Amino acid sequence: MNRAGYARRLDLQHGRVDMSHGSGGRAMAQLISEVFHPAFANEWLSRGNDQAAFDAPVGRMVMSTDAYVVSPLFFPGGDIGSLAVHGTINDVSMAGARPLYLSASFILEEGFALADLKRIADSMGAAARDAGVPIITGDTKVVERGKADGVFISTTGVGVVQGGLDLSADKARPDDQVLVSGFIGDHGVAIMSKRQNTAFDTDLVSDSAALHGLVADMVAAAGLGLRVMRDPTRGGVAAVLNELAQQSGVGFLIEESALPIRPQVVAACELLGLDPLCVANEGKLIAVVAPEFAQSLIEAMHAHPLGRDATIIGKVVEDDHHFVQMTTSFGGDRIIDWLSGEQLPRIC
Amino acid sequence: MRFMHEFRDGELGRGICTTIAEACRPGRNYVFMEVCGGHTHTIARYGLEALLPAQVRLVHGPGCPVCVLPTGRIDGAIALARDQGVILCTYGDMMRVPGSHRTSLIQAKAAGADVRMVLSTLRALEIAKENPDRQVVFLGIGFETTSPATAIALKMARREALANFSVLCDHVLTPPAIQAVLGEGGEALQGLIAPGHVSAVIGTRPYQAFADRGQAVYVAGFEPLDILQAVLMLIRQVNEGRPRVENGYARALTEDGNLRAQAAIAETMPDLRSFEWRGLGVLPQSALQIGEAFADFDAERRFALTYAPAPDAKSCACADVIRGRRRPEECKLFGSVCTPDDPIGSCMVSNEGACAAHWRYGRHRPQRGGEASAAPAAA
């Protein structure tokens, strides 16, 4: 009887990551074959190469990469795994692109529960399948206890953009309209509600979602009328608008009364001393569009489940100072500034 | 969202502004100080100054808790965190306040000190229980609003015999600060918008002394309508020539204040001490001191700390801003080398600091006329 290939199966209920799982030896191969392959299951990964080969479609290729260090790992509405899939799909999609493939690399801390790792991998696999964007290659490393915090994940995505579309942050022009795809601040507040030093009770869940379906509908509706899209993650809507103002050399005028913010988010921000405009989102986008396309764009967004609450929140204006200004619902006006310092560490 | 949305109603606000304009007597100026940093923040965030007639001027007061801590106190806290191996817990605003050489607690943390931001003193107590082999120090700062929470922590620490917990007490009192501002040329001021949350603890009686000296006093909440209402009521008091203390924040406080909070402070921090304030100098009887009964939980005694004053950064006008003598944009560092991302002075750190509030919300607005300089400049 040939016993050379025998290995006791991983104890996915009570086992823990140890240093051998990153050693390049049999334990690592076993971790990959018993945790990641079943979770991600696709034809590229199952070939077991150090890379994945695929045919490049016609069009301009888009590539983006992101690291995920969110704490806690599991939160209402998602976990670090689904976040790592959605976040990178969204970054690729913001070019107006169709995301094609993802890669994923894991930095695991010695002692991390295999049950949690499996839960995260399964969640990633489900998110990738739902999005139709497979994880086709990856990597695993293990670091000593105390050198990481459970698990950190990096994902890279490639996609393709067609039809001469060239969205870029330097393309906003005066009179362009500014849209947001739905309620803002949900992700950041959901995370804060579970943090040890800020915990509070709320029924709010993260908005983490893959936006490429919505983006495809938007591209179909507004096409070359779209100037730029960006997903307001860390730093929130405030950071995105300030970035766009700087890069395009324009100002923004936002209407406070038009901002879609849930009462729970407003209340939590009052309590924690935060501005909802600076709080992270993981399933929302900001779009700047030529005025003549704004109406057809908003109608297309309303027809998609992730754009149901889309609304115009303001417009681009000429401003040599590149200020993002807001007309407050009280009747005054103020600047929307970047977030200062670090109020919400490790939000994604 | 009760108590919030109805106090942010723009239409009501415009109505009050019309009434304010009608109440202003021709040829007469009205100069009021909003004492509290929370009010300064609301005024900047909602652009309230632009809604008021030119006759009405608001002067920023000394009521931002981190702004008034002098450089030497920041240095002391940084040294404690850096040199004594303690876990130093404090409120978020304190983390970025620059001490000498532009170092802050957040930089000390990056350099290896164990500094933790907490939202409550109870969390600091938990950290002490979670780390029985470490000394945990809560840096208690703020006016009467935050001192009750420190008092409760001291009581709980003693009850639970938490031998590894102590408090570095930098709690200060509001009335001596107002007194100091009025004492140095504040005669140009005609009224005070008194702080709502401080008053929720101490009540409204302590302001009677200022009314007796001719100041109109109106205790206000922190929403834009609260502030506009306060301005209107102060104008009416001035017009009537009958200064008195009025409570416009009855939804949160009474004349007597919170007796249980007062008792907790009196039990744990019964003694007043002389304290150096940024901008106001050394004020006698202006800060709380941990009492003998709680001496075991006093970080100053436990670590034999002594206070060493340190000069403010050169050219920084925080001292004048805190006294209401200069407006933020009159400081030559404002927005050039001093911004919320890289603050030089304490007023550029907290949302309640006058400089940070102006930078964050109002730097696009033109300065108001030639009257920009604050009232007590004549001092």
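## Two domains in chain A

In this predicted model, chain A is divided into domain 1, covering residues 19-161, and domain 2, covering residues 177-335. The C-alpha centres of domain 1 and domain 2 of chain A lie 27 Å apart.

The two domains of chain A touch each other: 20 residues of domain 1 are in contact with 23 residues of domain 2. On the side of domain 1 of chain A that touches domain 2, the elements giving two or more residues are α2 and β4 of chain A. The largest share of this side, nine residues, comes from α2(A). By class, the residues on this side of domain 1 of chain A divide into 10 nonpolar, eight polar and two charged.

Four strands of chain A form an open sheet with mixed pairing, in the order β1-β6-β4-β5. Its edge strands are β1 (60-68) and β5 (135-143) of chain A, each of which pairs on one side only. On average, and with direction ignored, neighbouring strands of this sheet are turned by 15 degrees against each other.

Strand β4 (residues 98-109) and strand β6 (residues 151-161) of chain A run antiparallel and are joined by 10 bridges. Within this pairing, A:Y101 has A:V158 in β6(A) as its bridge partner. Helix α3 (residues 114-131) of chain A packs on the sheet and touches β4, β5 and β6 of chain A. The direction of α3 makes about 175 degrees with that of β4(A). Helix α2 (residues 80-93) of chain A lies across β1, β4 and β6 of chain A and runs at about 30 degrees to β6(A).

## The seven-stranded sheet

Chain A also contains an open sheet of seven strands with mixed pairing, in the order β8-β10-β7-β11-β9-β12-β13. Strands β8 (226-230) and β13 of chain A are its edges, and each pairs on one side only. Neighbouring strands of this sheet are turned by 25 degrees against each other on average, direction ignored.

Strand β9 (residues 251-255) and strand β12 (residues 324-327) of chain A run parallel, with four bridges joining them. In β12(A), A:M326 is the bridge partner of A:I254.

## A pair of packed helices

Helix α5 (residues 212-222) and helix α8 (residues 294-302) of chain A pack at an angle of about 150 degrees, with their axes 9 Å apart. Because angles over 145 degrees count as roughly antiparallel, α5(A) is roughly antiparallel to α8(A). The crossing of α5(A) and α8(A) is right-handed.

Which residues of α5(A) and α8(A) meet? From α5(A) come A:L214, A:D217, A:M218, A:A220, A:A221 and A:A222, and from α8(A) come A:S296, A:L297, A:A300 and A:M301. The residues of this contact of α5(A) with α8(A) divide into eight nonpolar, one polar and one charged.

## Contact between chains A and B

Between the chains, 22 residues of chain A are in contact with 26 residues of chain B. The elements that give two or more residues to the side of chain A touching chain B are α7 (263-272) and β13 (333-335) of chain A. Helix α7(A) gives the most to this side, with four residues. Strand β13 of chain A, which also contributes here, is an edge strand of the seven-stranded sheet.

By class, the side of chain A that touches chain B has six nonpolar, 12 polar and four charged residues.

Conventions: Residues are numbered from 1 along each chain as its sequence is written. Chains are lettered from A and ligands numbered from 1 in the order in which they are written. This is a predicted model: local features need pLDDT of at least 70, side-chain atom pairs count only at pLDDT 80 or more; totals for chains, interfaces and linings use all residues. Two strands pair if DSSP finds at least two bridges between them. Axes are lines fitted to C-alpha atoms, for helices over the stretch in contact, and angles run from 0 to 180 degrees between N-to-C directions. Two residues are in contact if their C-beta atoms, placed from the backbone, lie within 7 Å. Domain bounds come from an automatic or database domain assignment. Ala, Val, Leu, Ile, Met, Phe, Trp, Tyr, Cys and Pro count as nonpolar, Asp, Glu, Lys and Arg as charged, and the others, Gly among them, as polar. Angles under 35 degrees count as roughly parallel, over 145 as roughly antiparallel, 65 to 115 as roughly perpendicular and the rest as oblique. A crossing is left-handed if the near helix is turned anticlockwise from the far one by less than a right angle, and right-handed if clockwise.
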